[in-house]
Amino acid sequence: MRRVLERWRAGFLLLVLSLLSMGVQALSPLALNDDEGAVQVWPAVTVLMDPSRSWSLDEARQRVGEFAAPTTAFATLGQRRDAVWMRVPVQVASQSDGRWVFDVDYAVLNRIDVYLLSSRGEVLRHVRMGNTVLAAERPMPSRSHAVELDFRPGEAHELWVRVESLGALIVPMTLNKEPAFLSRALREQMLQGLLLGVGVCLIAYSLAQWLTLREALLLKYAVLIGGGVMFSVVQFGIGAQYFWTDVFWFDMHLAGISALMASTGTFLFVEEVLRGPERHRWFSPVMKAGAAFLVAVAWAYGVGWIDLHVVSKVIGTVGLMPGLMGLPGAVQRARQGDSVGWYFLVAWLGYFVSTTIMVLVIRGVVPANFWTQHSFQLGATLDMLLFLRVLALRLHAVHEQALRVAHERDHALSVAATDALTGLLNRRGLQAALNEALPAGKPGQITAVYLIDLDGFKPVNDEFGHEVGDRLLVAVSDRLRALLRQADLVARLGGDEFVVLAQGLSNEAHAQRLGEELLAAFQEPFPLDGLIVRVGATVGYALSPMDGSDPHHLLQRADAAMYEGKRRGKRRLTRL
């Protein structure tokens, strides 16, 4: 009886082990045939978590019965602190040359150990890869983590891969013939060059415009774009490949910091563009507080107070707030017919969708493939271009507002410096013109100031009324303007007193002739809608620099000369 029980127990244990072994072998071996340029590894993967992050290959092999098919989406194991062992059975075609490039196309994985085992279990090759491995120790100088493996044609093998990382365990693995690997690598490099080139050009443009215009919105746009560009440079391995090789702090921290930087720039950009009296009073303070919080998180992450898991949670929550908080304002503007609102809605939709996809890939919910891995980068590029249009519209509005303010100011100054009746300069306008003209006089050229007082104007007013008197003043203004050169100025001081400012006269005789022409202009009568009115004029003048260069003094001297002409009998030209 005892022997029977022992046999039953041994049989039961054998059955359990067989079932476990069948569970592990449920996935078909990966078939490698040279006719296929690239083969996805993930369909043949089984995984085992190593919570201690310390198991050796032998220790993992002792747990072969615990391996199971992944429960996460294709090529992603989510965000976890465990190390992960992956086992891949491989069957190589007898016609194959055996040379295949094993590639893990997620550049920010920290440590990858690859073991190639023969059918008898011997280790044919062990290589170490990852962004914490020195460039000189990496098997291939590629953007992704790649190594060339030599399989034995016609034999079965096993690939054992151990992966650990502080960030997401995204493991898009392929086995490639060398031409296919190089072709895909070249296409990816061209794509990165194109997208990063667009980003760098936009950063350079915004900074150059900011240096010229000093418009804060341009600087905020540059921060937004800079964060997105830097994230792509780190995430796709371009930085480690070309810019900061073997500077591991950058590889370990810049992805998180640049993502926080992009979200910070988005907070500030959205706040300024959508700021307005129609927004709630808490909108701007909350948006600025969100930007400040992200800066604090970036600093804490940079000095090692928090890890990448915390940063990912912050980006997946607080990082979405700019779009959510700006949504009501964008909808309101869109309803009002403002195209800025529509651009914001499209940009926000692209940002939300691309960020959500990336977050779900990181959490192991959405498969990792070309489109999902590049979703954030493509969404960020779309946002760059849409926000560039928003920036242009905003700067145009600011420019239009500045022009409107300047026009209103100029109009106000013009009204303040212009005589309402005649449209000539008034006393204030004349003073400004004298202050500008006299110091700017050229050597050898004379500036003349003529003060004209009408003779016989009061009788016209008394006989025909003030309306006719006003029409007479307008007619006098028109005649003086028609007589003078385009560069000369005419002003009305008030009442029936006029001033003529003439610059660039060649000599005193020239000034005398011009004064005589002014006096002669009043010899002809003034027709006023059926009335013929005659008035004369007395003209006094002073010259600069001969009679002085101070505007007030020169005007006083011309006034004194005019009164001297009045004393001598009127209707004459006088210079003291």
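Is Arg 214 buried or exposed?

1. Arg 214 is exposed (over 50% relative accessible area, with a 1.4 Å probe and protein chains only), at a relative accessible area of 55%. Arg 214 has a positive phi of about 55° although it is not a glycine, and is found in the loop between helix H3 (178–213) and helix H4 (216–235). Helices here are DSSP runs (H or I) of at least four residues, and strands are DSSP runs (E) of at least two, numbered from the N terminus.

2. The model is predicted: local features need pLDDT of at least 70, side-chain atom pairs count only at pLDDT 80 or more, and totals for chains, interfaces and linings use all residues. Residues are numbered from 1 along each chain as its sequence is written, and side-chain values use heavy atoms, with hydrogens and water left out.

3. A cis peptide bond, with omega of about 20°, joins Ser 544 and Pro 545. The loop between strand E16 (536–544) and helix H17 (551–567) holds Pro 545.

4. Lys 570 is not a glycine, yet its phi is positive, near 70°. Lys 570 lies in the loop between H17 and strand E17 (573–574).

5. An open sheet is formed by 4 strands in the order E2-E10-E5-E8, with antiparallel pairing; two strands pair if DSSP finds at least two bridges between them. Strand E2 (38–40) and strand E8 (145–150) are the edge strands, each pairing on one side only. Strand E5 (residues 99–104) is joined to strand E10 (residues 173–176) by 4 bridges. Asp 103 stands opposite Thr 174 in E10.

Note on methods
Buried means under 20% relative accessible area, exposed over 50%, partly exposed in between (1.4 Å probe, protein chains only).
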